[in-house]
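Hi everyone, thanks for coming. Let's take a slow walk through one protein model together, and please have a look at it on the screen first.

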Amino acid sequence: MRMKRKKNLDERISASSDYLTEMKNDSLNYNDAVNENHIIDFKKLFGNDNPVSLEIGSGKGQFGCTYAELNPQKNILCVERNKNVLILAIDSARQMQLKNIRFLCGTAEYLPSYIKEQSVEEIYLNFSCPFPKHRHIAHRLTNPRFLEIYKKIIKPDGVIYQKTDNMHFFEYSIEQFSACGFKLSNISLDLHNSDFEGNIVTEYENKFASMGYPIYRLEARL
């Protein structure tokens with residue numbers, strides 16, 4: 001079910017410049033957009049030189065805000081295209097008075113226009129849409145066209161973390177990461193029944209785990 005549009009959404013988004021950067025080139029073909037330079041100055045954005053992590057598809061911000069709260073020595077930039085849920089994440093960050101989280105409104109295709117090469121320490125792909133129909137396969141965030149983007153913006157020793165409840169999407173992701181030269185580790189086929197410590201639970205994770213679905217997780221490095 002689609003979420004009802006939030007009251008005064010446009011005004012609330014416009015008033016969120018302290019936390020929010022909006023992409024300017026969503027109307028362009030992403031192959032052209034990468035030639036535009038809107039590179040974000042992380043030091044200016046966060047006011048420090050701390051390491052920066054990236055969450056792609058942040059939803060209502062449960063993961064991002066929790067991560068920021070638990071890791072005050074790090075910064076996190078959360079990418080989300082849906083303004084209706086993005087405003088909830090911003091509200092949570094402001095209510096928690098978090099200084100080390102910022103939001104980028106837009107889609108992952110345009111990240112090379114905004115994120116400097118080899119500048120992020122970690123990338124989190126938490127419960128990305130699996131796009132189960134084959135004709136939509138190019139939209140999966142572990143499709144090779146996205147993995148090539150991640151290769152550019154992540155540091156050489158950086159890590160990509162993926163979690164999903166969808167077994168077929170997970171299998172697809174393992175194949176694509178491997179084919180694109182990533183080395184996989186800490187693969188879990190049932191995260192919540194493993195001995196893994198330090199997991200930050202997302203809103204979707206809560207939902208699916210409560211329904212008895214296993215949670216799949218991996219780490220990918222170049």
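**A walk around the model**

Let's start with Gln97, which sits in the loop between α5 and β4. When I say helix, I mean a DSSP run of H or I with at least four residues, a strand is a run of E with at least two, and both are numbered from the N terminus. Before we go on, this is a predicted model, so to speak: local features need pLDDT of at least 70, side-chain atom pairs count only at pLDDT 80 or more, and totals for chains, interfaces and linings use all residues. Residues are numbered from 1 along each chain as its sequence is written, and side-chain values use heavy atoms, with hydrogens and water left out.

Is Gln97 buried or exposed? Gln97 counts as exposed, because its relative accessibility is 62% and exposed means over 50% relative accessible area, buried under 20%, and partly exposed in between, with a 1.4 Å probe and protein chains only. The phi of Gln97 is near 60°, a positive value in a residue other than glycine. Asn186, in strand β7, also has a positive phi, near 50°. As background, most residues other than glycine have a negative phi.

Now the sheet. Eight strands form an open sheet with mixed pairing, in the order β1-β4-β3-β2-β5-β6-β8-β7; two strands pair if DSSP finds at least two bridges between them. The edge strands, each pairing on one side only, are β1 (20-22) and β7 (183-188). On average, neighbouring strands are turned by 20° against each other, direction ignored; axes here are lines fitted to C-alpha atoms, for helices over the stretch in contact, and angles run from 0 to 180 degrees between N-to-C directions.

How many residues of β3 are buried? Six of its six are: Asn75, Leu77 and Val79 on one side, and Ile76, Cys78 and Glu80 on the other.

What packs on the sheet? Helix α5 lies across β1, β3 and β4, running at about 170° to β4. Helix α6 (residues 144-153) touches β2, β5 and β6, and its direction makes about 140° with that of β6. Contact means heavy atoms within 4.5 Å. Ser16, in the loop between α1 and β1, touches Ile87, Ile90 and Arg94, not counting residues up to four places away in sequence. Ser16 is buried, at 2% relative accessibility.

Finally, the largest pocket has a volume of about 1,200 Å³. Of its 40 lining residues, the closest to its centre are Gly57, Glu80, Arg81, Cys129 and Tyr204. A pocket is an open set of points, on a 1 Å grid over the protein atoms alone, where a 1.4 Å probe fits, with protein on both sides within 12 Å along at least five of seven lines; lining residues have an atom within 4 Å of a point. Grid points are joined across faces, edges and corners, and the volume is the space filled by probe spheres set on them. Helix α8 gives the most to this lining, three residues.
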